[in-house]
Amino acid sequence: MIRNQWYVVLESGEVGSQPVGVTRLGEKMVFWRDEQGRVCAAVDRCPHRGVALSTGAIHASHLQCPFHGFEYDSTGRCVLVPANGRTGVIPNALRLQTYPTHEDHGLVWLWWGSPVPARLTPPEFFDNIDGTFTYGSTRDPWDAHYSRVIENQLDVVHLPFVHRKTIGRGNRTLVDGPVVEWKGDKMLYTYVFNRLDDGSPPRKPSELSPKAAASVHLEFIFPNLWQNYISDNVRILAAFVPVDAEHTLLYLRFYQNFMRLPLLGKWIARLAMPMNLRIAHEDRRVVTTQQPKASGLKIGEILIQGDLPIIEYRRKRAALQNQASPQP
Ligand code: FES
Ligand SMILES: [Fe+2]
């Protein structure tokens with residue numbers, strides 16, 4: 001995982017009036033909402049004697065441990081030790097490690113790293129998905145490292161094989177391009193043309209018309225958010241949520257804005273989910289077998305022109321990792 005990044009970790013609806021415990025980025029975490037409804041996140045371990053705070057409750061807007069009733073505020077400060085009395089002394093060391101969070105677009109981001117900058121800029125989202133869109137969503141667990149799941153969604157070579165019976169029908173095995181560009185510092189942008197093999201060599205990225213860039217393409221925002229820009233009105237969005245080194249939760253959404261009536265729009269978006277899940281499972285079957293589990297720059301794979309988006313992903317990931325913890 002790359003430190004010092006905003007990761008999508010949950011959907012808003014998963015954090016309600018009770019604390020929730022989940023594993024994200026290899027750590028057990030507890031999420032809850034404070035009195036203003038803001039999402040809070042902390043290490044899911046009471047500093048008193050190690051109980052999971054996610055099994056506790058919200059009491060007077062504080063997170064209350066179920067074991068001895070110690071209470072913590074949204075900054076992680078212990079505000080009550082019942083055994084010491086309401087006016088009793090609270091040891092300074094009784095402090096929960098918290099994480100910065102951000103909520104928008106029905107998603108919860110968590111900033112994972114250290115030290116936390118005094119001024120954190122909020123995470124990026126796709127500015128071409130606005131309030132006119134409605135979406136349906138689902139989650140899907142994969143026994144794979146999140147980097148492999150991401151690379152699969154940047155893999156433009158696999159379609160006629162993995163998705164032979166669905167989106168890869170037609171045997172268009174030859175890969176022209178792909179073109180890979182950066183939109184700002186965090187967003188990778190790529191498009192490709194797959195065609196029947198007529199014996200001609202694949203076109204180089206520089207031979208593709210820039211006009212094509214306006215049509216179907218992929219956008220990926222580091223470290224874990226992706227969309228397939230199918231048209232101005234239809235998108236597939238995915239967040240690749242790292243659970244631990246071998247497990248990823250895929251948060252999948254189907255966005256549309258051709259139907260503007262909200263209820264009908266939601267219904268259409270929901271109807272699209274089973275098909276999206278079927279396609280994801282075609283991918284999952286293959287990706288979960290990849291060795292080594294995690295991707296990297298030097299893992300001995302022999303890549304081809306069609307793998308350009310994956311190469312670019314690996315380069316940037318390594319650069320960000322190096323930035324967060326420089327190698328001597
Ligand atoms: S373990 Fe949490 S209050 Fe004692
Ligand atoms: Fe796929």
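A patch, as the word is used here, is made of residues with over 30% relative accessible area and no salt bridge, and nonpolar side chains are joined within 5 Å. The model on display is predicted.

**First stop: a nonpolar patch.** Select Leu-261, Leu-264, Trp-267 and Leu-271. These residues form a nonpolar patch on the surface, and together they have about 440 Å² of accessible area. Now select Leu-261 by itself. Leu-261 lies in the loop between strand 18 (247–256) and helix 3 (262–271). Because its relative accessible area is 54%, Leu-261 is exposed; the cut-off for this term is over 50%.

**Second stop: strand 11.** Select residues 107–112, which make up strand 11. How many of its six residues are buried? Six of the six are, and the strand is therefore described as mostly covered, with buried meaning under 20% relative accessible area. In a regular strand, side chains alternate between the two faces of the sheet. In strand 11, Leu-107, Trp-109 and Trp-111 are on one side, while Val-108, Leu-110 and Trp-112 are on the other; all are buried, and both faces are covered.

**Last stop: the turn.** Strand 10 and strand 11 form a hairpin with two residues between them. Select His-105 in this turn: its phi is positive, at about 55°.

Terms used: Residues numbered from 1 in each chain as written. Chains lettered and ligands numbered in written order. Predicted model: local features only at pLDDT ≥ 70, side-chain atom pairs only at ≥ 80, totals over all residues. Heavy atoms only, no water. Patch = residues over 30% accessible without salt bridge, like charges linked within 9 Å, V, L, I, M, F, W, Y side chains within 5 Å. Areas by Shrake-Rupley, 256 points an atom, 1.4 Å probe, with all protein chains shown as cover. Salt bridge = Lys/Arg side-chain N within 4 Å of Asp/Glu carboxyl O. Helix = DSSP H or I, 4+ residues; strand = E, 2+ residues; numbered from the N terminus. Buried < 20%, exposed > 50% of the residue type's maximum accessible area, 1.4 Å probe, protein only. Pairing = 2+ DSSP bridges.
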